[in-house]
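Please look at the sequence and the structure before reading on.

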Amino acid sequence: MVKELALVSVQMDLGAGRRGVDMGPSAMRIAGLRDALERLGYRVREMGTVVATDPERTEQRDLQARYLPEVESVCRRARDMVEDALVRGWMPLVLGGDHSIAIGSVAGVSRFYARTRERVGLIWVDAHSDMNTPESSPSGNVHGMPLAVLTGHGPQVLRSLADRHPAVRPQNVSMIGVREIDRAEREVVRSSGVRVFTMSEVDERGIASCVDEAIARASAGTAGFHLSYDLDSLDPMIAPGVGTPVAGGLTFREGHLICEKVARSGGLVGLEMVELNPVLDARNRTAKMAVGLIASALGQTIL
């Protein structure tokens with residue numbers, strides 16, 4: 001049986017503090033994404049591209065949540081594409097774009113499963129916890145807020161995109177690879193109920209046991225889970241093309257093992273790859289890494 005996969009491209013960098021990640025979807029395609037998916041037996045369905053306006057033509061009305069109206073508009077359009085893909089029976093694969101787009105993609109998955117009164121889990125792979133609110137954020141960049149929004153905090157205009165509160169329950173959410181959290185954000189994270197696997201814990205326990213626990217948590221009482229993968233979770237030595245690199249990240253093998261275990265679990269219902277910045281990449285190395293990670297999450301194996 002041919003597996004159906006829906007590609008959704010979201011070209012936006014308004015949520016970030018550095019330009020360039022809006023070109024991430026194109027870089028992944030240039031790196032051979034479609035060929036990799038078809039070799040795995042997927043029929044690729046193009047859902048379309050959501051394009052944000054340029055910062056130069058977008059008004060900043062609120063410096064605590066920069067470009068909020070445009071971010072909301074982009075996330076709403078991405079949400080509708082993701083939900084439409086699931087209605088058609090196709091698994092959504094979202095290419096970003098800064099990490100604020102996850103507000104839309106996860107809202108789309110959550111809305112679809114709300115039709116049958118089911119919940120979904122979330123595995124968030126990232127160097128940052130992304131749980132700032134406008135009040136705690138030192139920059140006002142919305143790409144540092146999506147996980148707070150999805151678990152029920154932050155701007156109402158973004159929280160309402162899922163049509164349920166919260167979009168995902170904290171007890172079904174885990175972060176993996178975290179190693180940089182803003183000072184005021186720490187209390188939000190501690191009180192959230194979200195499980196955080198910092199790089200210190202990954203080093204101490206090993207990535208395999210951490211991922212197993214995250215999958216069990218995301219699967220408990222849910223219809224499945226969404227994997228949101230920020231490429232800055234990887235060490236900058238192997239993934240230089242990201243906007244907010246942090247030293248000491250996941251290795252090549254750790255990054256792939258997360259995806260391989262997700263694929264083997266059989267619980268994946270949606271996937272996104274974000275924060276690829278081709279301007280900062282070296283010969284498209286990070287884009288090629290992204291394509292390999294996507295393939296691993298969708299079933300590619302060594303043997």
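Is Arg79 buried or exposed? Arg79 is buried, because its relative accessible area is 5%. The word buried means under 20% relative accessible area, exposed means over 50%, and partly exposed lies in between (1.4 Å probe, protein chains only).

The model is predicted: local features need pLDDT of at least 70, side-chain atom pairs count only at pLDDT 80 or more, and totals for chains, interfaces and linings use all residues. Residues are numbered from 1 along each chain as its sequence is written, and side-chain values use heavy atoms, with hydrogens and water left out.

**Salt bridges**

Side chains of opposite charge can pair when their charged atoms come close. Here a salt bridge is a side-chain nitrogen of Lys or Arg within 4 Å of a carboxyl oxygen of Asp or Glu. By this rule the count comes to 20 salt bridges. Three of these pairs are set out below.

| Pair | Closest N and O atoms |
|---|---|
| Glu4 and Arg43 | 2.7 Å |
| Arg79 and Asp80 | 2.9 Å |

The salt bridge of Glu4 with Arg43 links distant parts of the chain, with Glu4 in strand 1 (residues 3-11) and Arg43 in strand 2 (residues 42-51), 39 residues apart. Helices (H or I, at least four residues) and strands (E, at least two) are DSSP runs, numbered from the N terminus. Arg43 is partly exposed, because its relative accessible area is 39%.

Arg79, the buried residue of the opening question, forms its salt bridge with Asp80. Asp80 counts as partly exposed, because its relative accessibility is 35%.

Glu83 is buried at a relative accessible area of 8%, whereas Arg115 is exposed at 55%. Elsewhere, salt bridges that share partners join Arg29, Arg34, Glu38 and Glu46 into one network.

**The largest pocket**

A pocket is found on a 1 Å grid over the protein atoms alone, as an open set of points where a 1.4 Å probe fits, with protein on both sides within 12 Å along at least five of seven lines. Lining residues have an atom within 4 Å of a point. The largest pocket has a volume of about 310 Å³, where a volume is the space filled by probe spheres set on the points, which are joined across faces, edges and corners.

How many residues line the largest pocket? The lining has 22 residues, of which His128, Asp130, His143, Gly144 and Thr244 lie nearest the centre. By class, 2 of the lining residues are nonpolar, 11 polar and 9 charged.

Asp130 is in the loop between strand 4 and helix 5 (146-150). Asp130 is buried, because its relative accessible area is 5%. Asp130 and Ile181 are 51 residues apart along the chain, and their C-alpha atoms are separated by 8.1 Å.

**Backbone features**

A cis peptide bond joins Gly96 and Gly97, with omega about 20 degrees, and Gly97 is in the loop between strand 3 (91-96) and helix 4. The bond from His165 to Pro166 is also cis, with omega near -10 degrees.

Pro166 is in the loop between helix 6 (156-159) and strand 5 (173-178), and Asp163 is in the loop between helix 6 and strand 5. Asp163 is not a glycine but has a positive phi of about 60 degrees, and this residue is exposed at a relative accessible area of 56%.

Arg283, in the loop between strand 8 and helix 11, has a positive phi of about 55 degrees although it is not a glycine. Arg283 counts as exposed, because its relative accessibility is 80%.

Pro92 is found in strand 3 and counts as buried at 1% relative accessibility. Pro92 and Gly270 are 178 residues apart in sequence, but 5.2 Å apart in space from C-alpha to C-alpha.

Conventions
Ala, Val, Leu, Ile, Met, Phe, Trp, Tyr, Cys and Pro count as nonpolar, Asp, Glu, Lys and Arg as charged, and the others, Gly among them, as polar.
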